[in-house]
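This briefing goes through the structure by topic, beginning with the contact between the chains and moving on to individual elements. Please keep the sequence and the model in view while reading.

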Amino acid sequence: MTKERELAVATTYRIIVCDGTTCINRGSRNLISRLREQLERHGLADRSTISLSGCLGMCDKGPILVVNPGYTIYGNVTEADIPEIVEEHLLHNRPVARLAIQEDHLYNRFFRVFGDAKFFGKQMRITLRNCGIIDPENIDNYLSLRGYEALARVLTDMTPESVVAEVEASGLRGRGGAGFPTGMKWKFTAAQKATPKYVICNADEGDPGAFMDRSAIEGDPHTVVEGMAIGGYAVGASKGIVYIRAEYPLAIKRITKAIEDARAHGLLGENILGSSFSFDIEIRLGAGAFVCGEETALIHSIEGTRGMPRPRPPYPSVQGLFGLPTVINNVETWANIPVIILDGAKWFQTVGTETSKGTKVFALAGKVVNTGLIEVPMGTSLREIIYDVGGGIPGGKKFKAVQTGGPSGGCLPEQYLDTPIDYESLAKAGSIMGSGGMIVIDEDSCMVDIAKFFLEFTQNESCGKCTPCREGTKRMLEILTRITEGKGRAGDIEKLERLGNMIKKASLCGLGQSAPNPVLSTIKNFREEYEEHIHQGRCRARVCTNLVTYQITEKCVGCGACRKVCPVVAISGTAKKQHVIDQDKCVKCGMCFNTCKFDAIVKV
Amino acid sequence: MTTTQANDAIATDDQKLAQLKEFIAQTQKDEHPDSFLIAVLHKAQELYSYLPVPVMDEIAQEMAIPTAHIWGVATFYHYFNLTPPGQHVISICLGTACYVRGAAQILQTLRDELKIDMGQVTPDGLFSLQPARCLGACGLAPVVMIDDKIHGELTPKKMIQILNQYRKQAKK
């Protein structure tokens, strides 16, 4: 039995025939007997149901057939079309495009399987279209859902120029963060004469709190492989490299298997599908350096040296890996490519906003009810993501800010919640799209502390090549540390702003140019918290330990548990009487607070 | 055992070295053999659990790359250990989601309990502590990964209980 046939037999079909007056007049009932006959012929009769429906409302296109799975609506169907529909759609899982009224857009697939649960309601899955549906380690699963069809199409029907033109027309922009138009990038590389050329998939996801690329590769590795092969054909590259974090063992295993299986099926290697195009992919592991997400640093890392960025131009599209023209795109960008080829640039353009087309995947986490991986159309508001998809803030706490773009992004407070997600709007609000980290912060977090957290990260990850980033982030971190320790000085905020703007302007690469963003955006939106820390010695979220005092309230039953755990003997009191903390001795370790079973100890 | 003795023991572990050399030999057939340095270091760390200096010297010989350059690369990337790790490696996630949900407290608990800092090994060699960026288990934040196992939704108390389980096992 062929694979297609196996799959066809395992599936149950439901065919709905419109039985409204117009369709009947146009001959819908004649279709039914023909359908039965064809289903019998292919041995699909026991697995199929044919049902009649009331008027579907598309009378001008009658007779109408709806075929499931596939959710395809066929119009103007004649008896002569029936054998083709049964054979192509049911047996080979290829909807008959010339009769379809509603096209089977790939993203719809998700809803057929998981329905319209609230979590999925506002989502639209293009790059994650197969995640959770297919077995990622089974190439036949991917093939059965029109996998590698886009590659086959470009190899047989399209010239490399027309592939580049299609991607350019789609308006797809780089999903790694900066949002550079993908088609333009490809065009630059395609125009280069030097060979061999390379295509690289950047899967070095280092942003703390982001796991989009990992999940995408773990859930559907073939779409990345297919996207890269199409990219290779478009720009004239014969070699692809997946640069992936060593910390992602499962993702590495799955992409490795996907590449091997694709090779075994003749979808990678010499003369793919009988064409003159040869292309293969190898895997290179990262080794834990955030800066390697920057394209020139990534290239250095693949070349086996320290991953430090270099000035651009020349851009990698002209002089990249081993000095040769190279296209570098992020995992999510590659995953969009097969869909653009299959559904067309015209369709892709209908999703999203004026300047940002398509969807964006976010790793939604932090103080939000539903944490996880989501994909929404560009233009969805932050509010919709946090409250409708994310389910709001747990524990009845108050929303304080949402952080996008990780260590390169900013914190946006409540007044920006209606900002639509696209590259320009987020930048205007003072953050960035970034690669897709989205952390929700509630009133329990201190914004100065959050800024310090991100700066600690970037300071630690600064490669040290250029002075503004290496020294500047260090000095900023010192100032932030002293503010959180209650030793802030008048003028510190202005100094942070001055330093931050300087680092942004003078740094060599994206890491330095964006490192001050978390600090600058929190100063812009939460300046009063900085001022409270410096001038009043107060941390309103009670996070900065030096600015917190512990007090025992009248809820105290005098059990003495706190007295016993206090490491500096700052707590005194007699049994069954309210205890007191000697503030001069207290080192603010919080042991008493964690120990008390009666909630009698409060932070003020 | 002194460090020198330990290094000698490593350098003479023929079986591992042979495996490493074989791996290197394969990479040298490529058009850009030097570009495999990081892959070779990954292999070495897989074999030895860290990168001993004598092994880096061997790599330098085999790949014809100066040890100084290899040292430069090994120190640049966080993933490579330059000292032997503990029997159980504790990676504490310091990603944003974990941080917002209290990873700092967990880290403090680990520091207090193990009396070591990041990148150090306990005197008994049982645990070593290292930071991890996002482990991708944000739904379970805050999380700690001990060897390959993820422990999630941690509180200081739960963290201590987990450590005690490993200690108990080690005693058996």
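Between chain A and chain B the count of salt bridges is 0, and this holds for a predicted model, in which side-chain atom pairs count only at pLDDT 80 or more.

**The contact between the chains**

- The size of an interface is often expressed as the accessible area that is lost when the parts come together.
- Chain A contributes 48 residues to the contact, while chain B contributes 31 residues.
- Of the area that chain A buries against chain B, 19% is supplied by A:A287, A:R306 and A:F453, which is more than any other three residues supply.

- A:S301 belongs to helix α14 of chain A, which covers residues 295–302.
- With a relative accessible area of 3%, A:S301 counts as buried, because that value falls under the 20% limit.
- Leaving aside residues up to four places away in sequence, A:S301 touches A:Y243, A:C292 and A:G307 in chain A, together with B:I38 and B:Y77 in chain B.

**Chain B**

- Chain B holds 8 helices and 4 strands, and along the sequence these follow the pattern α-α-α-α-α-β-α-α-β-β-β-α.
- The C-alpha trace of chain B spans about 50 × 35 × 25 Å along its principal axes, and 47% of its 172 residues are buried.
- Among the contacts in chain B between residues at least 6 apart in sequence, 60% join residues that are at least 24 apart.
- Chain B is divided into domain 1, residues 3–76, and domain 2, residues 88–171, and the centres of these two domains, taken over C-alpha atoms, are separated by 30 Å.

**Domains of chain A**

- Chain A is divided into domain 1 (3–120), domain 2 (139–347), domain 3 (359–442), domain 4 (447–536) and domain 5 (549–603).
- Taken over C-alpha atoms, the centres of domain 2 of chain A and domain 5 of chain A are separated by 59 Å.

**Helix α9 of chain A**

- In helix α9 of chain A, residues 160–170, the buried residues are A:V163, A:V164, A:V167 and A:S170.
- These residues lie on the same side of α9(A), because they cover an arc of only 125 degrees around the axis.
- The elements covering the buried residues of α9(A) include α8 (149–157), α10 (182–191), α12 (221–235), α15 (331–343) and α16 (345–349) of chain A.
- Just after α9(A) comes A:G171, which takes a positive phi of about 80 degrees.

**The hairpin of β12 and β13 in chain A**

- Strand β12 of chain A, residues 399–404, runs antiparallel to β13(A) and is joined to that strand by 4 bridges, with A:V402 standing opposite A:L412 in β13(A).
- The hairpin formed by β12(A) and β13(A) has 5 residues between the strands, and in this hairpin A:G405 takes a positive phi near 80 degrees.
- In a regular strand the side chains alternate between the two faces of the sheet.
- In β13(A), residues 410–413, A:G410 and A:L412 point one way whereas A:C411 and A:P413 point the other way, and all of them are buried.

Note on methods
Residues numbered from 1 in each chain as written. Chains lettered and ligands numbered in written order. Predicted model: local features only at pLDDT ≥ 70, side-chain atom pairs only at ≥ 80, totals over all residues. Heavy atoms only, no water. Domains from an automatic or database assignment. Buried < 20%, exposed > 50% of the residue type's maximum accessible area, 1.4 Å probe, protein only. Helix = DSSP H or I, 4+ residues; strand = E, 2+ residues; numbered from the N terminus. Pairing = 2+ DSSP bridges. Arc of directions from axis to C-beta. Contact = heavy atoms within 4.5 Å. Buried area = accessible area lost by both parts, 1.4 Å probe. Salt bridge = Lys/Arg side-chain N within 4 Å of Asp/Glu carboxyl O.
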